[in-house]
Amino acid sequence: PRLGAQRIPLCMLFRRVWCAPRDGCVPIWKNRRRTSGLGCLMCLGPSPGIIGQVRGSPTHGGPGSRKLTGSTERYASVSFWETSGQLCRHYMENELMEDQSEATIEKAFATIETYKRHLRNRIIPRWGRLAPLAIESLEVEKWFNELKKGYPKKDVMPLADPTIDKIRRVMNLVYLHGQRCNFLPRQQEGNPMNWVRQRTTSSYQALIMTPQQAFEILLDTPEPRRTLVLSDAATALRVSEILGLTWMDLNFKDLVVHVRRAYVWGRFKEPKSKASKAPVPMHPLLAGFLLAWRGKTLYSEDGDFVFPSTRLNGRKPLSASILVQKYLRPAAVKAGVIANGQKVRFGFHNFRHSLASALVKMKVDPKTVQEFLRQAHVTTTLQLYAQSDMQSKRDAQGRFLEQMFGDRVHLLTERIQ
């Protein structure tokens with residue numbers, strides 16, 4: 001592809017030798033281990049041959065050269081990344097390392113794994129062979145539209161807007177990393193993601209259960225899964241945090257649950273955020289169920305998991321995915337929460353949404369609901385988690401009409417008649 005008149009020539013960004021451009025290509029520098037089989041990175045085909053050193057190129061003193069201005073001039077004499085794939089791998093090695101203790105901005109383990117999955121499975125396969133500044137904003141938007149449609153012939157499911165926006169943000173972070181490390185110009189032209197537009201809203205709406213429906217699910221769930229589901233429904237803990245609990249994390253004297261770890265994808269990691277580490281209240285009724293389970297389990301020592309896997313002799317907790325597939329969804333079908341075979345997202349996180357909605361419906365202070373769910377911002381609680389049902393909306397509408405009409409509603413009915 002051709003670069004626009006305002007874009008920085010690629011030969012400014014890479015190595016000392018540039019290949020002769022074929023029709024429609026842009027001259028770029030080469031960095032190959034062998035001299036044979038050289039090709040233009042833009043067209044990925046064999047180049048007509050090596051013309052000369054960079055000082056003889058059209059952008060560096062050769063015929064038809066133009067003078068470089070500003071900070072872009074220094075990028076002509078320094079060696080940088082040849083492909084976007086190399087830049088992505090440098091970002092993963094330096095920003096997405098497993099040990100985040102020395103990171104300026106720490107990332108949760110789930111965030112790191114999600115970013116790596118997007119980079120390895122989508123971003124690098126699609127853009128990895130192109131030079132960083134050869135990626136055009138409009139081409140990225142076109143690719144996003146393809147991801148949104150999916151590939152039915154290849155059994156590739158379409159992606160939702162929030163997922164695609166997360167891919168956009170990961171690509172933007174890679175470019176910002178390149179600019180911060182002086183691999184790319186610290187100008188707007190050095191980050192084509194500045195001009196990529198993508199919707200961030202989702203059409204997904206979490207399925208909300210009533211307290212009565214949640215109780216029916218509990219009745220159809222065997223122990224110890226029943227106590228686990230009850231703990232999830234009453235505390236709004238994430239299932240990864242519940243599975244990471246040990247008996248020493250439960251303070252039955254002060255009736256508090258301490259969140260110290262999360263069991264994510266078979267590994268123990270830090271909780272999701274600083275707000276997630278806040279202690280969670282434990283009502284005496286819930287404490288009674290937990291103490292009853294402790295009296296039954298084979299693993300009741302302080303260091304044992306509250307909900308261990310007996311198949312693994314208590315060395316690890318239960319599996320969240322198996323719990324949902326074998327117990328939670330069948331119980332939800334029997335309780336009438338979802339239909340049999342209905343393709344809808346349903347799992348432990350629905351209890352978190354349901355608790356938030358129930359607390360708001362009970363007129364609990366929004367700040368209390370936010371701290372109960374251990375979220376950093378109250379707007380997240382009210383916009384994404386709390387939902388109002390139709391009966392609550394109808395009751396609110398009725399209260400408004402009562403205040404508007406008062407005892408004079410007959411004046412309107414007489415005129416209508």
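Q: Is Phe 109 buried or exposed?
A: This is a predicted model. The relative accessible area of Phe 109 is 9%. The limit for a buried residue is under 20%. Because 9% falls within that limit, Phe 109 is buried.

Q: How is the pair of rings of Phe 109 and Trp 265 classed, given the angle of their planes?
A: A pair of aromatic rings is described by the distance of the centres and the angle of the planes. For Phe 109 and Trp 265 the centres are 6.2 Å apart and the planes stand at 65 degrees. Planes over 60 degrees apart count as edge-to-face, so this pair is edge-to-face.

Q: How many residues apart are Phe 109 and Trp 265 in the chain?
A: Phe 109 belongs to helix α2, residues 109-127. Trp 265 sits in the loop between β8 (262-264) and β9 (267-269). The pair thus links distant parts of the chain, and the separation is 156 residues.

Q: Is Trp 265 buried or exposed?
A: The relative accessible area of Trp 265 is 54%. A residue counts as exposed over 50%. Because of its value of 54%, Trp 265 is exposed.

Q: How is the pair of Trp 143 and Phe 144 classed?
A: The ring centres of Trp 143 and Phe 144 lie 5.6 Å apart, with the planes at 35 degrees. Stacked needs under 30 degrees and edge-to-face needs over 60, with the rest counted as tilted.

Q: Which residue lies over the face of Trp 127?
A: Trp 127 forms a cluster with Trp 143 and Phe 144 through ring pairs. Trp 143 and Phe 144 are both buried. At 3.9 Å from the ring centre of Trp 127, over its face, lies Arg 126.

Q: Which side chain is joined to that of His 90 by a polar contact?
A: His 90 is part of helix α1, residues 84-95. Its relative accessibility is 17%, so His 90 counts as buried. A polar contact of 2.8 Å joins its side chain to that of His 177.

Q: What is the form of the peptide bond from Glu 223 to Pro 224?
A: Pro 224 is found in the loop between α5 and α6. Pro 224 is also one of the residues that Phe 307 touches. The peptide bond from Glu 223 to Pro 224 has omega near 0 degrees, and its form is cis.

Q: What is the relative accessibility of Ala 236?
A: Ala 236 is placed in the loop between α6 and α7. Its phi is near 65 degrees, a positive value in a residue other than glycine. Ala 236 counts as buried because its relative accessibility is 0%.

Q: What is the phi of Leu 255?
A: Leu 255 lies in the loop between β6 and β7 (256-257). It counts as partly exposed, at 27% relative accessibility. Although Leu 255 is not a glycine, its phi is positive, at about 55 degrees.

Q: What separates the C-alpha atoms of Gln 205 and Arg 345?
A: Gln 205 is in the loop between α4 (161-180) and α5. At 57% relative accessibility, Gln 205 counts as exposed. Gln 205 and Arg 345 are 140 residues apart along the chain, and their C-alpha atoms are separated by 9.5 Å.

Conventions
Residues are numbered from 1 along each chain as its sequence is written. This is a predicted model: local features need pLDDT of at least 70, side-chain atom pairs count only at pLDDT 80 or more; totals for chains, interfaces and linings use all residues. Side-chain values use heavy atoms; hydrogens and water are left out. Rings of Phe, Tyr and Trp (its six-membered ring) pair if their centres lie within 6.5 Å; planes under 30 degrees apart count as stacked, over 60 as edge-to-face and the rest as tilted. Helices (H or I, at least four residues) and strands (E, at least two) are DSSP runs, numbered from the N terminus. Buried means under 20% relative accessible area, exposed over 50%, partly exposed in between (1.4 Å probe, protein chains only). A charge sits over a ring if NZ of Lys or CZ of Arg is within 6 Å of the ring centre and within 35 degrees of the ring normal. A polar contact is a pair of N or O atoms within 3.5 Å; within protein, one must be able to donate a hydrogen and the other to accept it, and residues adjacent in sequence count only if both atoms are side-chain atoms. Contact means heavy atoms within 4.5 Å. Lists of a residue's contacts leave out its neighbours within four places in sequence.
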